[in-house]
Amino acid sequence: MTWKVSRLLLLLLLLLLLLQLSAMQLRAVFFISQDILRNLLLDRLEKEWAPFSSKLEWEMARWAKLRGPSSTALDELLKIEGVVDRLGLSFKNSQELNGMIDKLIPNRRPKFQRREIVIAEQSFDVHYRNILECIKALFGAPEFANDLLFVPTRQFTGPDKKVRVYHDMNTGQWWWNTQTALEQAKPGATIIPVIIALDKTQVTLFRNKSAYPVYISIGNIPKDIRKKPSRHAYALLAYLPTSNLDHIQNKAARRRTVTNLQHACLRLIFHPLQKTGVHGEMMTSGDGLTRRGHTLAAVEIVDYMDAVGTAGILTGDCGTCECPNNQLGAGLCCVHPLRSLEKALDALRILDSQNPTAYSKACKAIRIKPIQHPFWADLPYFNIYQSISADILHQLFQGVVKHLVSWLTEIIGKAEIDARCRRLPPNHSMRIFHKGITSLSNLSGVEHSQICQFLLGLVVGVTLPNHASPVRLVRATRAILDFVYIAQYPIHTDETLGLLEKSLESFHANKDIFVEQGAREDFNFIKLHWMKHYVSCIKLWGTTDNYNTQFTERLHIDMAKDAYRATNRKDEYPQMTKWLERKEKIYAHTNFVQWRSSGAAPAQPWQAPDIACDIAIKMTKNPTLKAVHLDKFALDYGATHFKAALARYVALQCNPGIHTHNQLEIEANHIMINFQIKFWNQGVHGSATLDSIHTHPTHKDTQGRTVPGRFDTALVRVGQGSNIHAFGVVQVRTIFSFTSAALETLFPSNIHEDIPKHLVYVEWFSKFQAAPDPDSDMYKVTRSVTDNRERLTSIMSVDKIVRSVHLLPQFGPYAPQHWTSSNVLEECTTFFVNSFKDRSTHFSVY
């Protein structure tokens with residue numbers, strides 16, 4: 001102890017001495033001349049791409065590791081005579097490149113290590129990383145420095161600022177409550193919530209080879225960063241053993257041993273959190289500031305079967321509350337207490353007393369498995385039952401929606417369901433299932449989400465057996481779809497959470513129709529039951545995109561499947577971990593090179609997630625056709641009244657004082673329309689391709705096949721405000737632009753700048769009614785016609801278009817045989833505005 005004090009005093013004296021020296025004196029002290037300093041600086045600048053000799057070599061190495069072919073293919077490429085010399089590469093094969101990466105590029109994330117776990121007298125290998133070092137790497141990553149969240153917040157909205165807002169994890173109650181409890185014991189703490197994700201996955205199609213990766217992230221990183229795989233905000237923590245222990249003949253003993261093996265591995269991996277969760281550890285964030293961070297296991301991103309294993313609950317039971325199996329289908333009125341962690345810990349103390357029989361009885365009494373030393377038992381501030389999160393992918397899309405489709409198919413019939421699917425009009429975000437949906441098998445979550453977009457349109461107006469009313473069937477379907485869409489909102493308030501509960505209540509009020517029609521005997525299954533926990537889960541952890549398995553399953557591609565394909569299939573885990581470490585080094589070095597060349601990105605102020613998803617119009621640079629004759633509009637594009645509509649538009653622009661229809665027609669008769677125009681066939685969309693509108697006539701594709709014409713429908717602004725009645729529905733027939741010669745001919749020179757560059761010719765639908773349909777809760781529209789029973793048309797600026805809109809045809813009892821997806825907008829007269837086209841449309845129309 002005396003030696004350490006003396007050493008510290010010497011260091012302090014040396015520091016004081018150095019602070020009093022000038023730059024010249026410092027060079028004298030360290031024997032460094034001015035020339036040496038200059039040469040060191042120049043050498044550093046010249047090696048901007050170090051450890052690679054040039055930008056070309058760095059780009060080649062980056063391509064080879066991130067986008068390139070296999071190691072064998074790279075070796076064959078570099079063996080071609082002259083390739084290495086002409087490119088100026090310092091490595092001649094993949095082995096030398098790997099050596100450069102291993103030795104010369106530093107690790108930002110820790111290396112993997114292997115440990116042997118012995119269970120039931122059999123040893124298993126677990127490959128894992130030091131969890132604290134992984135957390136420090138995420139917390140200290142420079143690319144996240146400007147975005148990290150350090151403190152819990154309570155945000156409110158509304159006129160009186162009393163409506164609570166939830167979005168990122170730090171807006172949830174868990175962070176606030178835990179911070180309050182931790183401050184009482186250790187003031188000045190910075191909570192680092194550890195997000196745990198584990199999911200077993202297949203890495204081959206035919207050999208039944210699987211991997212069991214465990215990922216972690218931290219809640220300090222905003223969810224908008226975490227859900228993007230390209231930002232690398234998750235770290236692969238471990239590969240768990242995947243053995244099914246088939247040598248154990250007794251099935252119950254085998255399942256128990258598999259669970260104990262999993263918990264033994266997880267206990268080893270998460271053991272360091274026991275100390276740092278209570279006492280904290282100094283951690284430096286990417287901005288260089290050091291804080292006392294308390295690493296607390298917070299939330300689990302798991303599907304139900306993984307939750308059964310980690311929480312130790314019995315299969316079929318709820319891991320959150322104590323609801324009996326035979327009451328899982330009850331509504332919100334059936335309330336049961338939450339599972340008690342204290343009861344589980346009391347049972348564990350019985351095991352510690354060396355009384356396995358009493359331990360088994362105690363576990364049976366609270367309906368948990370008799371696990372030996374669960375990994376979560378000693379983790380501070382961690383409640384395993386509370387940590388089980390909502391799962392949009394498996395609970396809703398692959399669970400409730402999958403059941404709903406099967407029930408509707410049973411009641412309506414496969415033929416009618418498929419007939420309606422084939423007759424839906426196309427839209428940018430809609431997938432048309434031309435062969436129907438009833439014959440599909442092994443549907444993914446993406447495909448179930450695509451079915452949700454039009455499912456309600458298949459139900460409205462159907463004829464049920466025994467002349468039963470379809471009202472409850474429509475309302476129950478609508479309620480499930482509302483729940484699915486509202487649950488995915490990127491920001492919630494107390495009001496939207498009230499709508500979430502209201503939709504669930506509506507389903508339970510109308511669900512008996514499925515039993516009466518013979519599609520279901522009861523509703524006692526866990527995925528439907530868990531819907532009642534969504535509101536409390538969002539209040540606790542923030543919105544569901546904080547912990548959606550859709551995002552973590554995407555990680556399997558890079559960190560499990562691609563990693564396995566890079567091995568020789570023999571003793572694959574050491575190869576997979578080494579491959580992943582090299583890839584992480586390249587990603588980190590990419591960020592470093594970018595920082596060296598352009599500097600750190602400026603801090604961006606936080607903006608609330610935009611549910612309405614306001615999009616800007618973006619036009620294509622060049623039209624599909626130029627100098628189109630007016631007769632072509634009527635023949636190819638169905639713009640029968642284009643000339644009359646254009647005449648009225650020109651007259652109105654030249655004479656803005658015209659207010660009556662008769663005056664407009666008189667002025668239009670004096671206008672000569674004998675010019676050619678540019679025709680823009682393009683999409684109207686926001687950033688990337690969030691939305692678009694297509695207008696193209698029937699044509700032949702490159703293989704000579706006929707492609708039907710497509711003229712999308714759109715939502716246009718007709719008034720002020722954000723109410724649905726400030727908008728109208730049109731079908732866009734053409735998108736065009738005037739030539740400069742046409743402007744000179746048609747319009748006075750003083751208004752040329754006022755004429756929009758892009759115009760659209762549209763056919764109108766009726767105005768929105770005062771209220772939507774009471775059963776489907778969708779607005780009904782019909783074709784607007786003139787007194788001569790001709791379609792009402794007009795020309796307007798493209799800026800009037802807000803977004804595309806999808807119309808669901810009113811089929812009636814049966815889908816007419818002559819309707820098709822390409823002609824249904826022409827053949828049908830009455831439509832429903834589809835509020836499930838996407839989440840932003842649902843929010844705007846709901």
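This is a predicted model: local features need pLDDT of at least 70, side-chain atom pairs count only at pLDDT 80 or more; totals for chains, interfaces and linings use all residues.

User: In which order do the strands of the open sheet with β3, β4 and β11 lie?

Analyst: The pairing in this three-stranded open sheet is antiparallel. β3 (155–157) and β11 (492–493) are its edge strands, each pairing on one side only. The order is therefore β3-β4-β11.

User: Which residue of β4 stands opposite Thr 157?

Analyst: β3 pairs with strand β4 (residues 163–166) in the antiparallel sense, over three bridges. Within β4, the residue opposite Thr 157 is Val 163.

User: Is Lys 161 buried or exposed?

Analyst: Lys 161 belongs to the loop between β3 and β4. Its phi is positive, about 55 degrees, although Lys 161 is not a glycine. Most residues other than glycine have a negative phi. The relative accessibility of Lys 161 is 55%, and over 50% counts as exposed, so the answer is exposed.

User: Is Leu 245 buried or exposed?

Analyst: Leu 245 also has a positive phi of about 55 degrees without being a glycine. It is found in the loop between β8 (235–240) and α11 (251–270). The relative accessible area of Leu 245 is 1%, and under 20% counts as buried, so the answer is buried.

User: Is the peptide bond from Ala 50 to Pro 51 cis or trans?

Analyst: Pro 51 lies in the loop that runs between α3 (34–46) and α4 (55–66). Most peptide bonds are trans. From Ala 50 to Pro 51, omega is near 10 degrees, and the bond is cis.

User: How many residues of strand β10 are buried?

Analyst: Strand β10 covers residues 290–301 and is described as mostly covered. Strand β5 (residues 190–198) pairs with β10 in the parallel sense over eight bridges, while strand β9 (residues 281–284) pairs with β10 in the antiparallel sense over four bridges. Of the twelve residues in β10, the number buried is eleven.

User: Which residue of β10 is the bridge partner of Ile 196, and which is the partner of Thr 284?

Analyst: The partner of Thr 284 in β10 is Thr 290. β9 and β10 form a hairpin with five residues between the strands, where Gly 288 takes a positive phi near 90 degrees. For Ile 196, the bridge partner in β10 is Glu 300.

User: Why is the pair of Trp 407 and Phe 514 tilted?

Analyst: The structure holds 20 aromatic pairs. In the pair of Trp 407 and Phe 514, the ring centres are 5.0 Å apart, and the planes stand at 50 degrees. Planes under 30 degrees apart count as stacked and those over 60 as edge-to-face.

User: How many residues apart are Trp 407 and Phe 514?

Analyst: Both Trp 407 and Phe 514 are buried. Trp 407 is in helix α17 (residues 392–412) and Phe 514 in helix α23 (residues 512–516), so the pair links distant parts of the chain, and the separation in residues is 107.

User: At what distance from the ring centre of Phe 711 does the charged end of Arg 733 sit?

Analyst: Arg 339 lies over the face of Tyr 385, at 5.7 Å from the ring centre. The charged end of Arg 733 sits over the ring of Phe 711, and its distance from the centre is 4.8 Å.

User: Are helices α21 and α22 roughly parallel or roughly antiparallel?

Analyst: The axes of α21 (residues 471–487) and α22 (residues 494–510) are 8 Å apart, and the helices pack at an angle of about 150 degrees. α21 passes α22 in a left-handed crossing. Angles over 145 degrees count as roughly antiparallel. α21 is therefore, relative to α22, roughly antiparallel.

Definitions and conventions:
Residues are numbered from 1 along each chain as its sequence is written. Side-chain values use heavy atoms; hydrogens and water are left out. Two strands pair if DSSP finds at least two bridges between them. Helices (H or I, at least four residues) and strands (E, at least two) are DSSP runs, numbered from the N terminus. Rings of Phe, Tyr and Trp (its six-membered ring) pair if their centres lie within 6.5 Å; planes under 30 degrees apart count as stacked, over 60 as edge-to-face and the rest as tilted. Buried means under 20% relative accessible area, exposed over 50%, partly exposed in between (1.4 Å probe, protein chains only). A charge sits over a ring if NZ of Lys or CZ of Arg is within 6 Å of the ring centre and within 35 degrees of the ring normal. Axes are lines fitted to C-alpha atoms, for helices over the stretch in contact, and angles run from 0 to 180 degrees between N-to-C directions. Angles under 35 degrees count as roughly parallel, over 145 as roughly antiparallel, 65 to 115 as roughly perpendicular and the rest as oblique. A crossing is left-handed if the near helix is turned anticlockwise from the far one by less than a right angle, and right-handed if clockwise.
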